[in-house]
Amino acid sequence: MTNKEKYDKIFMDCFAVDKSALNDEFVYQCVPAWDSVGHMSMIAEIEDEFVIMMEIDDIIDFSSYSKGFETLAKYEIKF
């Protein structure tokens, strides 16, 4: 499984959405499941899957599906 497939699966599992929903418009609170608790669950899944520990600022700034690629690049996760 590629890093992109892993990343997509986390979003699909955490927020119960189809892959087709994952685009630039998929942002924090665009679905009811992406609330503060859902956000932290997603972050935990990402950290576990990619074996990283994100800085607090990165967790706060992780505001969209697209922004995640940018954030994870800081941790040398390549897509």
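Met-40 is placed in helix 2. The model described here is a predicted one. With a relative accessible area of 44%, Met-40 is partly exposed, because that value falls between the 20% limit for buried and the 50% limit for exposed. Along the chain, Met-40 and Ile-60 are 20 residues apart, and 9.7 Å separates their C-alpha atoms.

Met-42 also has its place in helix 2, which covers residues 36-50. Is Met-42 buried or exposed? Its relative accessible area is 0%, so Met-42 is buried. When neighbours within four places in sequence are left aside, Met-42 is in contact with Ile-10, Phe-11, Cys-14, Phe-15, Trp-34 and Phe-62. For Met-42 and Glu-70, which are 28 residues apart along the chain, the C-alpha atoms are separated by 16 Å.

## Helix 1 against helix 2

How are helix 1 and helix 2 placed relative to each other? Their axes come within 10 Å and cross at roughly 150°. Angles over 145 degrees count as roughly antiparallel, and helix 1 and helix 2 are therefore roughly antiparallel to each other. The crossing of helix 1 past helix 2 is right-handed.

Helix 1 contributes Asn-3, Lys-6, Tyr-7, Ile-10, Phe-11, Cys-14 and Phe-15 to this contact, and helix 2 contributes Gly-38, Ser-41, Met-42, Glu-45, Ile-46, Glu-49 and Phe-50. By type, the residues of the contact between helix 1 and helix 2 are eight nonpolar, three polar and three charged. Met-42, described above as buried, is one of the residues on the helix 2 side.

## Helix 1 against helix 4

Helix 1 also packs against helix 4, at an angle of about 135° and with the axes 12 Å apart. This angle makes helix 1 oblique to helix 4. The crossing of these two helices is right-handed.

Which residues make the contact? From helix 1 they are Lys-4, Tyr-7, Asp-8 and Phe-11, and from helix 4 they are Tyr-65, Gly-68, Phe-69 and Leu-72. The residues of the contact between helix 1 and helix 4 divide into five nonpolar, one polar and two charged.

## Asp-8 in helix 1

Asp-8 lies in helix 1 and takes part in the contact with helix 4. Its relative accessibility is 1%, so Asp-8 counts as buried. Not counting residues up to four places away in sequence, Asp-8 touches Lys-19, Leu-22 and Tyr-65.

## Aromatic rings

A pair of aromatic rings is described by two values, the distance of the centres and the angle of the planes. How many aromatic pairs does a search of the whole structure find? The search finds 15 aromatic pairs. One of them joins Phe-11 and Tyr-65: the ring centres are 5.3 Å apart and the planes stand at 85°, so the pair is edge-to-face. Phe-11 is in helix 1 (residues 3-15) and Tyr-65 is in helix 4 (residues 65-73), so the pair ties together parts that are 54 residues apart in sequence. Both residues, Phe-11 and Tyr-65, are buried.

Phe-11 and Tyr-65 also belong to one aromatic cluster, formed by Tyr-7, Phe-11, Phe-15, Phe-26, Tyr-28, Trp-34, Phe-50, Tyr-65, Phe-69 and Phe-79.

Methods: Residues numbered from 1 in each chain as written. Predicted model: local features only at pLDDT ≥ 70, side-chain atom pairs only at ≥ 80, totals over all residues. Heavy atoms only, no water. Phe/Tyr/Trp six-rings, centres within 6.5 Å; stacked < 30°, edge-to-face > 60°. Helix = DSSP H or I, 4+ residues; strand = E, 2+ residues; numbered from the N terminus. Buried < 20%, exposed > 50% of the residue type's maximum accessible area, 1.4 Å probe, protein only. Axes fitted to C-alpha atoms, helices over the stretch in contact; angles between N-to-C directions. Parallel < 35°, antiparallel > 145°, perpendicular 65-115°, else oblique. Left-handed = near helix turned anticlockwise from the far one by under 90°. Contact = heavy atoms within 4.5 Å. Nonpolar A, V, L, I, M, F, W, Y, C, P; charged D, E, K, R; others polar.
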